[in-house]
Amino acid sequence: MINKLTLYSTLSFLFLFSCTKKTSTVQHYEGESPKSCVERIIAADETLGDIRNHACEKISLSQTIKNYVAELKALDFNACPSDFTDGFDAHTSAWEDMVAVTDHYPNLRGEMHDLFDKIKEGEHAMEFNLRLKAIWDTWGSIESAIKKE
């Protein structure tokens with residue numbers, strides 16, 4: 001009973017936190033320069049990535065990725081250069097596509113990179129590696145867009 005109560009309390013807290021965070025982080029940055037926009041998005045992604053890497057210690061990897069994607073989609077890219085925005089859209093989609101693999105592992109818990117190492121050795125390794133490559137490839141397009149700035 002205590003375990004269920006702890007679980008429900010934790011899930012309720014995460015739900016409430018994510019709801020309030022989404023409403024407070026959706027801001028518009030009028031007059032923001034493209035460079036400033038890129039820097040803000042990269043800083044946000046770094047923070048969200050740190051959260052993502054550890055969230056799957058408590059919740060499923062698929063839910064962790066879905067939360068990460070939702071937070072990325074809530075960011076304001078209006079002042080960012082189009083190639084940077086397009087790159088991030090592709091990157092976000094690549095993360096969404098990974099859920100097709102991680103859905104096979106609903107009970108796997110741990111730090112994200114440790115879980116990825118386990119999946120690489122499992123029966124879904126081929127599909128996982130293709131989707132992971134897409135994540136890295138799309139990150140490469142983001143880095144190329146940053147270099148232009």
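I take contact to mean heavy atoms within 4.5 Å. With that in place, I looked up the chain and found that residues 24 or more positions apart account for 73% of its contacts with a separation of 6 or more.

Before going further I note that this is a predicted model, in which local features need pLDDT of at least 70 and side-chain atom pairs count only at pLDDT 80 or more, while totals for chains, interfaces and linings use all residues. Residues are numbered from 1 along each chain as its sequence is written, and side-chain values use heavy atoms, with hydrogens and water left out.

**Overall make-up.** I count 6 helices and 0 strands, where helices (H or I, at least four residues) and strands (E, at least two) are DSSP runs numbered from the N terminus. I then looked up burial, for which buried means under 20% relative accessible area, exposed over 50% and partly exposed in between, with a 1.4 Å probe and protein chains only; buried residues make up 40% of the 149 residues in the chain.

**Helix H3.** Among the buried residues of H3 I list Leu 61, Ser 62, Ile 65, Tyr 68 and Glu 71.

Leaving aside neighbours within four places in sequence, Ser 62 is in contact with Val 99, Thr 102 and Asp 103. Its side chain makes a polar contact with the side chain of Thr 102 at 2.7 Å; such a contact is a pair of N or O atoms within 3.5 Å, one able to donate a hydrogen and the other to accept it within protein, and residues adjacent in sequence count only if both atoms are side-chain atoms.

**End of H2.** I found Ala 55 in helix H2 (residues 34-55), partly exposed with a relative accessible area of 23%. The C-alpha atoms of Ala 55 and Arg 109 are separated by 9.1 Å, although these residues are 54 residues apart along the chain.

**H5 against H6.** I looked up how H5 (residues 112-120) and H6 (residues 125-148) pack, and found an angle of about 135° with their axes 8 Å apart. The two helices are therefore oblique to each other. On the H5 side Phe 116, Ile 119 and Lys 120 meet Ala 125, Phe 128, Asn 129 and Leu 132 in H6.

Technical notes. Axes are lines fitted to C-alpha atoms, for helices over the stretch in contact, and angles run from 0 to 180 degrees between N-to-C directions. Angles under 35 degrees count as roughly parallel, over 145 as roughly antiparallel, 65 to 115 as roughly perpendicular and the rest as oblique.
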